[in-house]
Amino acid sequence: MSRTIFEKGIGGKSGDYLPTGDFSLDTIEGIRTRKGPVGLPEIGEQDIIRHYVELASKNYHIDKGMYPLGSCTMKYNPVVNEEIAGLGGFAGLHPEQDDDDVQGALELMYSLESALCEICGMSAFSLQPVAGAHGEMTGMMVAKDYFRSRGEERKTVIVPDSAHGTNPASVVICGFEPKTMASDEHGLIDPEVLAAQIGDDTAVLMLTLPNTLGLFEKEIARIAEIVHEAGALIYMDGANMNALLGIVRPGAIGIDIMHLNLHKTFGTPHGGGGPGSGPVGVREHLADFLPVPRVVVEDGKYSRVYESKNSLGRVHPWHGNFNVCVKAYAYICACGSEGLRAVSENAIVNANYLMKKVGQWYDIKYPGPCMHEFVASGRNLKQYDVRTTDIAKRLLDYGLHAPTVYFPLIVEEALMIEPVETEKKETLDNFANVMEKIAIEAKEDPELLHEAPLTTPVRRLDEASAARSPELCWPGLDGSDGEGD
């Protein structure tokens with residue numbers, strides 16, 4: 001293991017590469033000055049750079065290799081978008097500036113909302129939610145207020161078992177009761193089963209499209225008809241919109257509310273690489289329920305409107321993660337309508353190509369054709385006492401990141417694989433070849449997989465403890481919290 005930057009920075013060394021400040025603290029009346037050291041490491045610039053280069057070389061990241069769990073964590077993020085978002089006119093803004101001072105930023109937000117409406121066939125979007133799950137919650141809040149305004153006490157939200165795992169949590173947080181609906185033998189919603197489950201107390205059908213099996217709901221027109229005849233709404237988890245750009249407009253097939261993950265679909269860093277953004281779009285009859293402030297334009301001047309009769313209010317301070325919106329808008333403008341469609345078409349082609357290759361060695365419960373992702377299974381390797389966890393760990397020895405494992409829950413020993421649109425054929429072939437090698441190893445030397453990974457800086461970690469009890473603060477060499485007064 002590498003020593004931490006705090007352990008390396010205890011020698012009182014410094015590069016002294018910054019000039020001494022000429023700003024007098026006395027010029028600010030009543031300023032509270034620090035009375036002790038801040039507790040930062042003392043280390044020269046060169047050693048700082050070497051430290052972080054060393055860490056980066058040990059880590060797995062999108063600049064090192066393919067992420068087979070695809071846009072869920074990281075896909076291609078054009079670097080030029082980072083430079084655009086870092087322009088002083090964007091990065092130097094304060095959200096409390098007067099509208100006259102921020103016309104460019106307001107125009108960008110208005111234009112991005114308009115672009116998302118065009119792409120998705122919706123009437124209005126709010127950029128305020130800052131993550132996909134946050135968008136889900138906001139969408140459920142819109143539905144709640146919509147039925148409240150109509151004097152209806154609908155309690156139930158039907159969630160297919162092929163939906164994203166955060167959907168039921170968003171339902172419960174907003175005071176609804178989730179009702180799980182099983183998929184049919186093809187991994188899809190059976191309209192007749194839906195018709196039997198829907199009732200007067202049903203508020204929303206909350207589906208993921210394409211679903212988490214990577215399948216498009218072929219009966220979506222009939223599904224929408226059933227839901228709307230019951231007086232309910234359809235919510236679409238649009239986290240998988242990477243498969244539908246320029247091909248399907250959700251509003252045109254009956255979707256009432258949806259969210260997007262800008263960080264997944266429109267090429268902005270995500271997870272450890274940066275914040276997210278989960279804009280919520282609605283059809284016209286729900287537009288008045290969206291969060292405020294909204295950006296409007298009149299006579300060529302942009303302004304923020306803070307009042308709306310039915311608005312649910314704010315779901316986040318200010319205007320969401322504006323920096324992410326800048327990158328997403330740059331991505332959309334650079335791709336154009338034909339480019340966005342090509343993104344989805346390439347994602348679909350790559351996923352189906354890889355599914356055929358991987359399917360020669362692993363079970364494919366729902367053989368497709370798939371959309372942007374597919375779900376393989378390590379079930380056939382259980383006869384050698386090898387589990388999906390072993391496959392995932394062995395991939396690291398071959399220099400590859402693992403796909404999403406054990407999800408969706410309706411596939412035993414699941415390996416959800418999404419290659420994304422930008423990976424070339426040679427990269428896909430390499431991944432498929434490694435999966436073949438691992439399947440052969442499972443039969444001939446299963447203990448090798450049980451011991452994997454063998455070549456990484458650390459071996460198998462307690463992943464549950466790492467997620468639930470992370471230690472993110474340096475206690476200090478003396479056991480203190482490292483903070484000054």
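**Cavity, pocket and helix packing**

The residues lining the largest cavity divide into four nonpolar, three polar and two charged. Before I go on: this is a predicted model.

So, the cavity. The structure holds one cavity of 30 Å³ or more, and the volume of the largest cavity is about 70 Å³. Which residues line the largest cavity? They are M109, E113, S126, L127, Q128, P293, R294, V295 and H319. Two elements, helix 5 (103–120) and strand 8, each supply at least two residues of that lining.

The peptide bond joining V292 and P293 is cis, with omega about 5°. P293 is found in the loop that runs between strand 7 (280–282) and strand 8 (294–298).

P453 is in the loop between helix 14 (446–451) and helix 15.

One more backbone item. W318 is not a glycine, yet it has a positive phi of about 60°. Where is W318 found? It is in the loop between strand 9 (301–305) and helix 11.

The largest pocket holds about 1400 Å³ of space. It is lined by 42 residues, and the closest to its centre are N59, K393, L396, V458 and L461. By class, the lining of the largest pocket has 24 nonpolar, ten polar and eight charged residues. Which elements each supply at least two residues of this lining? Helix 2 (45–58), helix 12 (388–397), strand 11 (404–405) and helix 15 (463–468) do. Helix 12 gives the most to the lining of the largest pocket, with four residues.

Helix 12 also packs against another helix, helix 13. The axes of helix 12 and helix 13 come within 10 Å and cross at roughly 125°. Helix 12 and helix 13 are therefore oblique to each other. Helix 12 passes helix 13 in a right-handed crossing. On the helix 12 side the contact uses I391, R394 and L395, and on the helix 13 side F431, V434, M435, I438 and E441. That contact divides into six nonpolar residues, no polar ones and two charged ones.

Helix 13 has a further partner, helix 11. The axes of helix 11 (residues 322–358) and helix 13 (residues 425–444) come within 9 Å, crossing at roughly 25°. Why are these two called roughly parallel? Angles under 35 degrees count as roughly parallel, and helix 11 and helix 13 are therefore roughly parallel to each other. The crossing of helix 11 past helix 13 is right-handed. Helix 11 brings N350, Y353, L354, K357 and V358 to the contact, and helix 13 brings K425, L428, D429, F431, A432 and M435. By class, there are seven nonpolar, one polar and three charged residues in this contact. F431 and M435 of helix 13 are in the contact with helix 11, and F431 and M435 are also among the residues that meet helix 12.

Last, helix 5 again. Helix 5 and helix 11 pack at an angle of about 45°, and their axes are 10 Å apart. That makes helix 5 oblique to helix 11. The crossing of helix 5 and helix 11 is left-handed. From helix 5 the contact takes A105, L108, M109, S111, L112, A115, L116 and I119. From helix 11 it takes F322, C325, V326, Y329, I332 and L340. By class, the contact of helix 5 with helix 11 has 13 nonpolar residues, one polar residue and no charged residues. M109 belongs to this contact, and M109 is also one of the residues that line the largest cavity.

To recap: helix 11 packs against helix 13 and against helix 5. Helix 12 packs against helix 13 and supplies four residues to the lining of the largest pocket. Helix 5 supplies at least two residues to the lining of the largest cavity.

Key. Residues numbered from 1 in each chain as written. Predicted model: local features only at pLDDT ≥ 70, side-chain atom pairs only at ≥ 80, totals over all residues. Heavy atoms only, no water. 1 Å grid on protein atoms, 1.4 Å probe; cavity = no way out; pocket = protein on both sides within 12 Å on 5 of 7 lines; lining within 4 Å. Points joined across faces, edges and corners; volume = space filled by probe spheres on them. Nonpolar A, V, L, I, M, F, W, Y, C, P; charged D, E, K, R; others polar. Axes fitted to C-alpha atoms, helices over the stretch in contact; angles between N-to-C directions. Parallel < 35°, antiparallel > 145°, perpendicular 65-115°, else oblique. Left-handed = near helix turned anticlockwise from the far one by under 90°. Contact = heavy atoms within 4.5 Å.
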